[in-house]
Amino acid sequence: MALTKNERRIRIKNRIRKVVSGTEARPRLAVFRSNKEIYAQVVDDVTGKTLAAASSRDKDISSAKGNKSEIATLVGKSVAERALKAGVSTITFDRGGYLYHGRIKSLAEGAREAGLKF
């Protein structure tokens, strides 16, 4: 039986999550991409706490003009600034089963530009 696109992504995501997990010293930057929006959060998997989060639905970002990749870069910068404020400078990147391409890549590059190391 053929898998749907989403079922395939979830399989890939689970395969990634076997290896990638966030600690207090090096939390995980988790990304979720919908058709319209993109969300990112910095998670400490040991305690199960979200340390910082940003999305394209935030007031300052949703008012910005540009294509979805440019918006993703702004989300990356925003989550990086919030993570640095929370005392996080190095992270592991969890692409959430999506290809490291397009909006996911833009978000990662935006986070790197703002000062996160991964």
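1. In this note, a residue is buried when its relative accessible area is under 20%, exposed when that area is over 50%, and partly exposed in between, with a 1.4 Å probe and protein chains only. By this rule F32 counts as partly exposed, because its relative accessibility is 40%. The model is predicted, so local features need pLDDT of at least 70 and side-chain atom pairs count only at pLDDT 80 or more, whereas totals for chains, interfaces and linings use all residues. Residues are numbered from 1 along each chain as its sequence is written, and side-chain values use heavy atoms, with hydrogens and water left out.

2. The sheet. Helices (H or I, at least four residues) and strands (E, at least two) are DSSP runs, numbered from the N terminus. Two strands are taken to pair if DSSP finds at least two bridges between them. Four strands make up an open sheet of mixed pairing, in the order 3-2-1-4. Its edges are strand 3 (49–55) and strand 4 (92–94), each of which pairs on one side only. On average, neighbouring strands of this sheet are turned by 20 degrees against each other, direction ignored. Axes here are lines fitted to C-alpha atoms, for helices over the stretch in contact, and angles run from 0 to 180 degrees between N-to-C directions.

3. Pairing of strand 1. Strands of a sheet pair through backbone hydrogen bonds, either parallel or antiparallel. Strand 1 (residues 28–33) pairs with strand 2 (residues 38–44) in the antiparallel sense, over six bridges, and a hairpin of four residues joins the two. Strand 1 and strand 4 run parallel and are joined by three bridges. A30 has a bridge partner in strand 2, Q41, and another in strand 4, D94. For V31, the bridge partner in strand 2 is A40.

4. Helix 3 against the sheet. Helix 3 lies across strand 1, strand 2 and strand 3, and runs at about 150 degrees to strand 3. Contact means heavy atoms within 4.5 Å. S78 belongs to this helix, which spans residues 68–85. With a relative accessibility of 8%, S78 counts as buried. Apart from neighbours within four places in sequence, S78 is in contact with A54 and I61. V75 also touches A54 and I61, together with I38, A40, S55, S56 and L107, again not counting residues up to four places away in sequence.

5. The nonpolar core. A nonpolar core is a set of buried Ala, Val, Leu, Ile, Met, Phe, Trp, Tyr and Cys residues joined through side-chain atoms within 4.5 Å. The largest one has 23 residues, and those with the most contacts inside it are L29, I38, V42, V75, F93 and L107. Strand 1, strand 2, strand 3, helix 3 and helix 4 each give two or more residues to this core. Helix 3 supplies the largest share, six residues.

6. Aromatic pairs. Rings of Phe, Tyr and Trp (its six-membered ring) pair if their centres lie within 6.5 Å; planes under 30 degrees apart count as stacked, over 60 as edge-to-face and the rest as tilted. The structure holds four such pairs. The pair of F32 and Y98 is edge-to-face, because the ring centres are 6.5 Å apart and the planes stand at 65 degrees. This pair links distant parts of the chain, 66 residues apart: F32 is in strand 1, and Y98 is in the loop between strand 4 and helix 4 (103–113). Y98 counts as buried, at 6% relative accessibility. F32, Y39 and Y98 form one aromatic cluster.

7. F93 and F118. The rings of F93 and F118 have centres 5.4 Å apart and planes at 20 degrees, so this pair is stacked. It also links distant parts of the chain: F93 in strand 4 and F118 in the segment after helix 4 are 25 residues apart. F93 counts as buried at 17% relative accessibility, whereas F118 is partly exposed, with a relative accessible area of 26%.

8. Surroundings of F118. A charge sits over a ring if NZ of Lys or CZ of Arg is within 6 Å of the ring centre and within 35 degrees of the ring normal. R112 lies over the face of F118, at 4.2 Å from the ring centre. Leaving aside neighbours within four places in sequence, F118 is in contact with R26, I91, F93, A108, A111 and R112. F118 and R28 are 90 residues apart in sequence, yet 9.8 Å apart in space, C-alpha to C-alpha.
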